[in-house]
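User: Hi! I am new to reading structures and would like to learn how to do it step by step. Could you walk me through this one?

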There are 2 protein chains.
Amino acid sequence: MGTTLKDVAVLAGVSRSAVSRTFTDGASVSDRTRRKVMEAADALGYRPSIFASSLTTRRTRLIGLVSDNFKNPIFLEVFDQFTRAIQAAGYRPLLVNLGEADLGSDPLEMLQSYSVEGIVIASSTLPPEMVLSFAQSQIPTVHTFGRYSQAPQVDTLAVNNEGCGGLAAKALLARGYKRIGFLGGPESATSTQDRQAGFKQAALAEEGVEISTSYASAYSFEAGRAEMKRLIAGAAPLAQGYFCGDDVLSVGAISALKEAGLSVPDDVGIIGFNDMAMASWQNIALTTVHQPLE
Amino acid sequence: MGTTLKDVAVLAGVSRSAVSRTFTDGASVSDRTRRKVMEAADALGYRPSIFASSLTTRRTRLIGLVSDNFKNPIFLEVFDQFTRAIQAAGYRPLLVNLGEADLGSDPLEMLQSYSVEGIVIASSTLPPEMVLSFAQSQIPTVHTFGRYSQAPQVDTLAVNNEGCGGLAAKALLARGYKRIGFLGGPESATSTQDRQAGFKQAALAEEGVEISTSYASAYSFEAGRAEMKRLIAGAAPLAQGYFCGDDVLSVGAISALKEAGLSVPDDVGIIGFNDMAMASWQNIALTTVHQPLE
DNA sequence: CTAGCGGTTGGAACCGGTTGCAATTTCCCG
DNA sequence: CGGGAAATTGCAACCGGTTCCAACCGCTAG
């Protein structure tokens, strides 16, 4: 704030280049000059401006961290991991909240005008076109929690959701259940679609298994609870066990079951997804598919 | 990326100033020129660079959002609220994770070198000297979840923790309890100290009330659980009701109580703090002091 | 003694914008 | 149609840095 390279140069009695070189490692400066500069800089409380230097170096060390999910506790873990890793690598996260938040402008253009060096999209629910538009922007982009694919259009880091769906189905079958259900998040989310596909495939591979499918309107407690209430009130009998597409969803479903006087897991089994920190809390003790966030 | 103001100027056949003025509202440009510029800009996919302009305007529209708590679900709500408000006002949050994260440099110097226009510190556990050093930096700083005071050294936005402690004590007393306990977070946190003080004062204002005090090592499930286990195993009898300094802490304490075969609230009453979203989940159904985050 | 070398230094141009100022256009009115 | 005010425009300097380049330094080797 206020003190610039020129001020330091004047006080130290050297050229502006010398000051600049002192703060650029690898540059050629004599020890004597460096010392003079450092003294002057300390005296003035000088901090080089990243943005001024970014003009020529083209480095802002800024990473756009984009998400639309600020409700699900798993994302606090996600943000923690990301910000720590980004910081440890000497970068800084510019956070973008896409969830029903009014951004005032196209988020991509915004990130471009901030010259971010990379973009991380942490969401399994953003429309693929939007993700694609980020990826086509010249700015290196990684989509986490996106769709696992052999030929992805966007660099993607994600679990194999189909495989996970299969895993969950097998766990329910291993318990001896013959009527099992998939209770996913929003049907438009690729994560929901893929988990459902894997679930179905694994279930149908076995003889005499009956499956049902339904979707909650969001990956949230309320949505899971509402959907399970609907199932309970519905004409069709409940399945013996459900794979819910998310831990919070599961907790919502469980709350609806308990309220209806049903015991989990004695009357109905539930498997969640993510293994959020609180899944292991004793009051919740949720069986779930672990996602290795680190 | 790549295309600059000059490129646009050349293509549009106008001066660089004209282009700059087109993108600065309030500047004097004829409709004809504006149209030519816009066409050229669209054709080239031009985005003005915030940082280049910040050099002269001194505006980065960046706000440093600093926190050391990426574990407690209440902070996801905090981040959601902050980022949305910051974005709605046309600013962008530069997130800083101070929690055991290695930042590679002094966080304040870092934010200075990014020319943030303001700093929001969201933490009740940061050492006051650190908060103070932010506030003395020339950069407008607000400390949220800090200490409520008539003469704060730092601009602070916080609930009256003493008042809240009193509120909780009165709620326990109103239930008829005569032996009540305070189970706070880390003793060094001002929030813990103030809630404890308010709790004690309100409790001692009544005749024949006995209070006990203890502290968990962090505002976390594990710490709350561990501390309650210690109390259960201890020589002293348990209090009839506890005010825990945080919701997650409460859930931890409850899990320890249940594990010991005690019922909440029949054997021991618990009041939490914050009213995090999941406090109202039916499986948790925590009595708590609401903090109006919005 | 001098040529040559590697290391250090300052000057000046440049990064991508903004803005004060003077010159030029446009517009309005008599 | 002329004149003056208002609106528009381009030039050039500047924001806070970096970097190319040429000049310079102290030394060593021939």
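Analyst: Let us start at the DNA. Helix 2 (16–23), helix 3 (31–44) and helix 4 (50–57) of chain A, along with helix 2 (16–22) and helix 4 (50–57) of chain B, each supply at least two residues of the surface near DNA strand C. Helices (H or I, at least four residues) and strands (E, at least two) are DSSP runs, numbered from the N terminus. This is a predicted model, where local features need pLDDT of at least 70, side-chain atom pairs count only at pLDDT 80 or more, and totals for chains, interfaces and linings use all residues. Residues are numbered from 1 along each chain as its sequence is written, while chains are lettered from A and ligands numbered from 1 in the order in which they are written.

User: How many residues surround DNA strand C?

Analyst: A residue is near a strand if its C-beta atom, placed from the backbone, lies within 6 Å of it. Here 27 residues surround DNA strand C, and Ser15(A), Leu55(A), Leu5(B), Ser17(B) and Ser20(B) are the closest. Helix 4 of chain B gives the most to this surface, with five residues.

User: Which residues of helix 1 of chain B are buried?

Analyst: A residue is buried if 20 or more other C-beta atoms, placed from the backbone, lie within 10 Å of its own. In helix 1 (residues 5–12) of chain B, these are Leu5(B), Val8(B) and Ala12(B). They cover an arc of only 65 degrees around the axis (taken from the directions from the helix axis to the C-beta atoms), which puts them on the same side of helix 1 of chain B.

User: Why would they point the same way?

Analyst: An α-helix has 3.6 residues a turn, so residues three or four places apart point the same way. The buried residues of helix 1 of chain B pack against helix 2 and helix 3 (31–44) of chain B. After helix 1 of chain B comes Gly13(B), with a positive phi near 70 degrees.

User: Which strands pair with strand 9 of chain A?

Analyst: Two strands pair if DSSP finds at least two bridges between them. Strand 8 (residues 241–244) of chain A pairs with strand 9 of chain A in the parallel sense over three bridges. Strand 10 (residues 288–290) of chain A also pairs with strand 9 of chain A in the parallel sense over three bridges. For individual partners, look at Tyr242(A) with Ile270(A), and at Asn274(A) opposite His290(A).

User: Is strand 9 of chain A enclosed or exposed?

Analyst: Six of the six residues of strand 9 (residues 269–274) of chain A are buried, so this strand is largely enclosed by the rest of the structure.

Key: Buried ≥ 20, exposed ≤ 12 C-beta atoms within 10 Å, placed from the backbone. Contact = placed C-beta atoms within 7 Å.
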